[in-house]
Amino acid sequence: GGANRIAAHGTADLTLRWSTPWNGRIALGILNLFDRDPPVSYASGNGNLLVIDPLPDRAWSIVYDQAF
């Protein structure tokens, strides 16, 4: 049988950081900036059902670090 081929997939992430005057650091981030879904194959090479769950989605983050 033929190989089950899936196209390559990539995502873009974005992180912005700001160093505060009081030795802190604030970071804002977005994973999967453009909310791209990966290509999905519903059959594996041996005919069994292949389930990929959960699919990646856009995610936001906020981080605060403080140096003492």
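**Entry 1: the overall layout**

Which pattern does the protein chain follow when read along the sequence? I read it off as β-β-β. I note that this is a predicted model, where local features need pLDDT of at least 70, side-chain atom pairs count only at pLDDT 80 or more, and totals for chains, interfaces and linings use all residues. Residues are numbered from 1 along each chain as its sequence is written, and side-chain values use heavy atoms, with hydrogens and water left out.

I looked up the elements next and found zero helices and three strands in the protein chain. Helices (H or I, at least four residues) and strands (E, at least two) are DSSP runs, numbered from the N terminus. I also checked burial: 12% of the 68 residues count as buried, which means under 20% relative accessible area, with exposed over 50% and partly exposed in between (1.4 Å probe, protein chains only).

**Entry 2: the sheet**

I traced an open sheet of three strands, in the order β1-β2-β3, with antiparallel pairing. Since β1 (14-19) and β3 stand at the edges with a single partner strand each, one side of each is left without a neighbour in the sheet. On average, neighbouring strands here are turned by 10° against each other, direction ignored; the axes are lines fitted to C-alpha atoms, for helices over the stretch in contact, and angles run from 0 to 180 degrees between N-to-C directions.

I then went through the pairings, where two strands pair if DSSP finds at least two bridges between them. β1 and β2 are joined in the antiparallel sense by six bridges, and L14 has I30 in β2 as its bridge partner. β2 (residues 24-31) pairs with β3 over eight bridges, also antiparallel. In β3, I found Q66 as the bridge partner of G24 and I62 as that of L28.

**Entry 3: β1 and its hairpin**

How many of the six residues of β1 are buried? I got zero, so this strand is hardly covered. The hairpin of β1 and β2 has four residues between the strands, and N23 there takes a positive phi near 65°.

I searched for aromatic pairs and the count came to one. W18 and W22 form it, edge-to-face, at 6.1 Å centre to centre and 85° between the planes. Rings of Phe, Tyr and Trp (its six-membered ring) pair if their centres lie within 6.5 Å; planes under 30 degrees apart count as stacked, over 60 as edge-to-face and the rest as tilted. W18 is partly exposed at 46% relative accessible area, and W22 is partly exposed at 47%.

**Entry 4: a nonpolar patch**

Which residues make the nonpolar surface patch of about 400 Å²? I listed L14, L16, L28 and I62. Nonpolar side chains (Val, Leu, Ile, Met, Phe, Trp, Tyr) are joined within 5 Å, and like charges within 9 Å, among residues with over 30% relative accessible area and no salt bridge. A salt bridge is a side-chain nitrogen of Lys or Arg within 4 Å of a carboxyl oxygen of Asp or Glu. Areas come from the Shrake-Rupley method with a 1.4 Å probe; for residues, only the protein chains shown count as cover.

I62 is found in strand β3 (residues 59-66), and I noted it as exposed because its relative accessibility is 70%.
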